[in-house]
Amino acid sequence: MIRFKISWLFPVSLALLFIGLMIYTKQPGKHDYTSEEADCWTGAGINQAPVDSAGMLIRYGHSLISNTAFYLGPKGTVAHISNGMNCQNCHLEAGTKPWGNNYGGVASTYPKFRARSGTIETIEKRINDCFERSLNGAALPSDSREMKAIMAYMQWLGNEVPKGTKPKGSGIAQLTRLSRAANPAKGKMVYTMYCERCHGSNGEGQADPNTSGYAYPPLWGAHSYNDGAGLYRISLLAGYVKNNMPSPLNYHQTQLSDENAWDVAAFINSQPRPSKDKTKDWPDISKKPFDHPFGPYADGLSESQHKYGPW
Ligand code: HEC
Ligand code: HEC
């Protein structure tokens with residue numbers, strides 16, 4: 001009888017211990033965001049925001065990110081300071097999608113030194129960088145309700161991420177570099193096969209008749225990001241495309257090989273687009289990223305090799 005009890009109690013207490021451990025590690029505030037085994041960070045959905053006045057500002061920030069053109073585009077209801085794209089066209093799912101250029105590391109890592117400007121940048125400055133480059137527009141005043149709302153949203157989104165850490169899956173993944181230069185002619189074939197049906201034969205995208213934004217945003221031409229934007233570096237464009245395109249794929253389910261992603265990025269970034277004054281960028285030229293496409297460089301390699309590789 002006694003022997004029977006022990007053999008029965010042992011597995012049961014082991015199971016209870018295991019369940020207890022699972023509950024303990026799932027507690028809020030116990031997330032592991034940075035180790036090798038960590039899950040990718042995914043931000044909270046906007047319906048989890050508080051319902052008080054602070055929550056109102058956060059919700060307005062979320063609307064500005066997902067519907068930028070409605071408020072701030074060429075026919076915006078608040079101001080006309082951007083090109084018709086939405087922040088969310090590149091920062092997918094309002095900046096919460098793993099490896100979808102998300103905002104998981106924003107609240108936790110700014111202010112920080114950035115070599116592009118050679119200064120310590122606040123979150124406001126970084127947001128305005130995207131207005132001036134990715135949305136080929138103008139900066140939002142830092143005392144505007146719109147800037148305060150975007151800030152409130154980003155701080156709320158990242159409030160669980162420990163200060164100084166960048167969670168796994170935030171931003172854009174870097175792909176393994178090719179041993180040859182990325183090839184725009186090959187990339188054109190990839191584009192025709194996988195991208196053109198949505199983004200158009202001239203990369204012009206397609207307006208959404210129901211909103212002020214695009215159903216499919218433009219990839220080049222007058223209404224696209226300018227040549228001072230992050231996506232104009234082909235490592236960032238390739239990494240973004242690999243894990244997110246054709247929409248709505250994600251990093252668990254990709255379609256392009258790394259090689260195709262590099263080549264299509266080379267093709268897109270060899271097409272015409274707006275130009276920005278970049279004379280004040282990268283004051284220390286030795287800090288330019290390997291794929292920054294504008295000289296002068298500290299290493300003497302050509303602009304073409306920096307732009308397309310091999311690196
Ligand atoms: C055309 C694409 C595009 C659009 C549109 C865009 N961004 Fe960005 N954004 C980028 C890229 C690329 C980066 C750099 C990612 C990297 O370096 O890993 C970036 C970086 C950022 C960062 C810094 C993220 C970090 O972790 O350091 C912030 C904040 C940001 N963008 C805000 C915005 C806001 C706000 C808008 C809308 C007003 C916007 N972006 C629109 C492409 C875009
Ligand atoms: C089924 C339609 C579809 C296909 C096919 C598709 N995309 Fe997209 N793409 C989208 C949509 C929709 C967005 C904007 C996502 C959002 O706003 O949530 C987007 C956004 C983008 C962006 C960021 C915004 C911009 O305009 O710069 C890039 C870059 C991009 N796609 C590149 C590509 C490439 C390269 C391919 C082919 C490998 C591709 N896409 C195939 C629908 C598509």
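This report covers the fold, the domains, the ligand shells and the core of a predicted model.

## Basis

In this predicted model, local features need pLDDT of at least 70 and side-chain atom pairs count only at pLDDT 80 or more, while totals for chains, interfaces and linings use all residues. Residues are numbered from 1 along each chain as its sequence is written, and chains are lettered from A and ligands numbered from 1 in the order in which they are written.

## Overall fold

The protein has 13 helices and four strands. Both are DSSP runs numbered from the N terminus: helices are H or I with at least four residues, strands are E with at least two. The C-alpha atoms fill a box of roughly 85 × 50 × 45 Å along the principal axes.

Of the 311 residues, 37% are buried (20 or more other C-beta atoms within 10 Å of the residue's own; exposed means 12 or fewer, partly exposed in between; C-beta atoms are placed from the backbone). Take the contacts between residues at least 6 apart in sequence: 65% of them join residues at least 24 apart. A contact requires C-beta atoms, placed from the backbone, within 7 Å.

## Two domains

The protein divides into domain 1 (46–157) and domain 2 (184–308). These bounds come from an automatic or database domain assignment. The C-alpha centres of the two domains lie 21 Å apart.

Across the boundary, 23 residues of domain 1 are in contact with 24 residues of domain 2. On the domain 1 side, helix H3 (68–72) and H4 give two or more residues each. That side has eight nonpolar, 11 polar and four charged residues. Here Ala, Val, Leu, Ile, Met, Phe, Trp, Tyr, Cys and Pro count as nonpolar, Asp, Glu, Lys and Arg as charged, and the others, Gly among them, as polar.

## Ligand shells

Ligand 1 is surrounded by 23 residues (near means a C-beta atom, placed from the backbone, within 6 Å). Cys87, Cys90, Cys130, Ser134 and Gly230 are the closest. H4 and H7 each supply at least two residues of this shell. H7 gives the largest share, four residues. The shell around ligand 1 has 14 nonpolar, eight polar and one charged residues.

## Nonpolar core

The largest nonpolar core has 53 residues (a set of buried Ala, Val, Leu, Ile, Met, Phe, Trp, Tyr and Cys residues joined through C-beta atoms within 7 Å). Ile150, Tyr153, Leu237, Val264 and Ala265 have the most contacts inside it. Among the helices that each supply at least two residues are H8 (145–157), H11 (234–244) and H12 (258–268). H8 gives the largest share, nine residues.

Beyond its neighbours within four places in sequence, Ala265 is in contact with Ala182, Gly187, Ile234, Leu237, Ala238 and Val241.

## Helix H9

Gly187, Val190 and Tyr191 are buried in H9. Seen down the helix axis, the buried residues of H9 fall within an arc of 105°, so they line one face. The arc is that of the directions from the axis to the C-beta atoms. Their cover includes H10 and H12.

Methods: Two residues are in contact if their C-beta atoms, placed from the backbone, lie within 7 Å.
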